[in-house]
Amino acid sequence: MKRRAILAFMLDRPGVLNKVSMLIRKKMYNVDTLTVCSSRKPGVSRMTITLREDDQARVNQVIRQLEKFTEVISVKELDTDHSYWREVAIVKLEVDGMHLESFRDRYNFEILNQQANEICILQVAGSTRNIDAFLDEVGQEHIIEIARTGVTALEK
Amino acid sequence: MTGKELLLKALKEKGVKFVFGYTGGAIMPVFDEMDKLGTFRFIMSRHEQGAAFMAQGITRASLSTDEPQIGVCMATSGPGAMNLVTGIADAYMDSVPIIAVTGQVATGVIATDAFQESDVVGVMLPISKQTYMPLRADEVEKNVHEAFYVARTGRGGPVVLDVPKDVQNQLVAENYYFDAMNFRPILPGFFYHPTPAREPLQRAIDLINRSERPVLFCGHGVINSNAGKLLQEFAEKVNIPVAFTLHGISALPADHPLSLGMMGMHGTVEANRAIMEADLLIAFGMRFDDRVTGKLNEYARNADVIHVEIDPSEIDKNVATSVAINADVYRTLHVLLGDPMLTYKPRRRWRERISGFRQVIAEELRQEIASGVGDAGKLLMKTVVHQLSELTQGRDLIVADVGQHQMMAARFYNYQTTNSWFASGGAGTMGCSLPMAIGVKLARPAERVWSISGDGGFQMNAQELGTIMEQQLNVKIIILNNGYLGMVRQWQSLFFDGRYAGTPMLSPDFGLLSQAYGIPYRKVERLEDVAPALQQAIDHQGAMMLEFVCDPSELILPMIPAGGGFEDMIIRRPQPAGSASDSEGGES
């Protein structure tokens with residue numbers, strides 16, 4: 001199913017996240033990713049939700065019902081052609097430093113910590129697909145733990 | 001001042017006259033203060049659910065009067081608040097603004113599973129328009145004013161205020177000041193578009209002028225915006241027949257020549273057939289509920305749809321529109337009526353077609369109503385409703401419960417008074433009638449109010465007879481007793497091979513029950529007693545209960561089976577297998 005990103009601005013009040021997630025549950029979706037941060041305007045949060053749905057009318061329904069909440073200021077869908085979707089992953093892995101260097105030119109990662117040339121913690125940023133590819137190329141067998149932020153998106 | 005004083009001050013400023021409710025540990029301070037003040041008329045319900053429906057009755061019945069009020073119900077924490085849930089969910093489904101005030105355990109013990117603690121905000125979130133929990137006394141007044149604004153702005157709905165006990169008693173600072181007159185809530189995302197945009201209106205007028213087979217839809221929004229008169233003017237001006245949703249009933253007189261009656265699952269043949277063949281639907285203030293549309297992909301396939309609706313999330317939800325007008329129904333009609341482009345078209349062929357539809361079962365219905373009794377010689381509900389309509393000339397206020405008798409009351413009472421029909425639609429809550437009738441009577445004391453229930457629904461909130469007794473309210477109570485849950489029984493006889501699982505019901509002696517509450521009672525079993533009994537209830541000064549012993553095999557027809565389309569409409573009682581029935585439902 002097609003992946004959708006919904007961007008919403010809302011008042012930073014207790015219970016708002018609850019309402020948003022409840023609506024998405026009521027509409028029978030499973031949230032793929034959800035990120036929340038403060039916006040440039042004090043007291044206003046910025047939320048990016050991704051979920052899977054092919055039917056455009058159903059996505060519009062979700063957007064309109066989100067807009068109905070008194071705390072929600074504006075909602076829109078962001079498509080991949082007209083916006084950037086990015087996430088960050090922090091990865092703990094057991095790998096040879098030289099092995100990692102061979103990916104340096106293709107992936108945007110930064111080593112945060114390297115202990116005795118064995119355990120390495122790095123962060124990598126990029127599109128979901130880009131990060132997946134990086135993890136595959138490094139080799140899933142080397143990976144001990146991954147923390148991913150989920151998608152945040154910005155319009156071009 | 002304390003939180004409780006500010007709460008009551010704000011309610012008073014918002015025009016509240018009645019408070020319905022039930023006290024308890026966590027709301028006691030507010031009740032105590034209310035008693036000291038003496039400014040509100042407190043009506044004690046016998047169950048909190050009753051209080052929520054009474055509040056609905058006030059809001060619904062008063063909106064067409066000179067003094068519209070918002071109903072307020074009040075309950076304690078935990079079980080008190082939880083008992084409100086059904087009434088609030090019902091108000092949410094039917095877009096009825098009410099305010100529910102609940103007590104909550106003190107802030108210091110919230111989330112410790114204290115005695116009678118429930119997460120009221122958490123429970124109410126998905127079934128209310130907004131919830132507030134003031135954590136300091138100086139937030140109370142602002143929250144109340146905002147609650148009223150949210151409840152009645154745009155599409156109405158219930159708002160819940162959950163007030164912790166310590167906040168009720170807390171004093172505000174010496175320099176506390178709140179300017180209620182000039183208060184405007186800051187809700188940057190709460191848009192409301194009452195005025196229609198010019199461009200879609202133009203396209204709508206084009207479609208209306210061009211249409212050959214148009215139908216107007218009158219929904220709850222017409223009642224809520226008091227636009228019945230305007231809709232009638234509009235229908236007459238453009239010469240288009242009007243079909244009603246359940247909640248649109250009584251917006252204009254039921255016997256108006258352009259009226260097609262109710263549409264949908266138990267709608268009239270003429271309304272449903274007209275919709276099936278229409279080339280244009282003009283919907284005012286409704287949401288294309290599944291009971292209205294039946295199977296969506298077969299619904300009005302050849303029709304353009306103009307949808308006038310205050311809630312943008314309802315537009316294009318179930319039925320795709322050709323022209324969407326996101327605006328208040330009253331203002332839209334007002335603008336439309338003033339537009340010189342709008343033309344009157346005779347549409348003779350369409351009129352003839354519709355009068356054909358009107359005749360499909362008209363004669364059979366007339367005969368059935370006249371015969372008055374079913375197979376076992378027991379009374380027909382439609383006859384009782386019809387006789388009530390005749391006796392009262394269709395002028396009284398009817399509060400129906402949920403089920404077969406509700407559809408009978410919707411179909412066979414000849415509504416003449418604007419906003420005179422009240423029922424639970426979206427939620428379909430059995431037991432709503434008796435308490436809602438109490439609210440309706442208090443809002444419109446000069447008019448006669450009839451609560452019509454089945455034996456099942458009546459027993460769901462029968463305890464509110466106590467409220468009627470205590471408040472000496474002149475509510476006429478009709479129980480159409482057929483010994484079954486009639487609507488479910490009807491489905492069982494049509495779709496479940498006549499196996500009556502869980503529907504037969506043994507009722508108490510309603511005579512003794514009403515006697516216990518000091519309410520006069522009469523049981524009616526014979527057709528010739530129906531009118532005299534109704535007249536006796538009318539003549540009696542005060543509440544009276546009438547029980548009609550009804551035929552359980554009576555059906556409310558036509559019926560569109562759940563999940564079926566308009567073509568599947570069952571018009572006549574299906575014949576038992578084997579007997580000839582070649583003409584069943586096929587003619588038009």
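I started with Ala75(B) and looked up its bridge partner in β4(B), which is Thr102(B). For my notes, strands pair if DSSP finds at least two bridges between them; helices (H or I, at least four residues) and strands (E, at least two) are DSSP runs, numbered from the N terminus.

A word on the source: this is a predicted model, where local features need pLDDT of at least 70, side-chain atom pairs count only at pLDDT 80 or more, and totals for chains, interfaces and linings use all residues. Residues are numbered from 1 along each chain as its sequence is written, while chains are lettered from A and ligands numbered from 1 in the order in which they are written.

Next I traced the whole sheet: it is open, has six strands in the order β2-β1-β3-β4-β6-β5 (chain B), and pairs in parallel. β2 (41–44) and β5 (130–132) of chain B are at the edges with a single partner strand each, so one side of each lacks a neighbour in the sheet.

Then I turned to the helices. α1 (residues 3–13) and α2 (residues 28–37) of chain B pack at about 60°, with axes 9 Å apart. Axes here are lines fitted to C-alpha atoms, for helices over the stretch in contact, and angles run from 0 to 180 degrees between N-to-C directions.

Last, I checked the chains against each other: 13 residues of chain B are in contact with 18 residues of chain A, contact meaning C-beta atoms, placed from the backbone, within 7 Å.

Methods
Contact = placed C-beta atoms within 7 Å.
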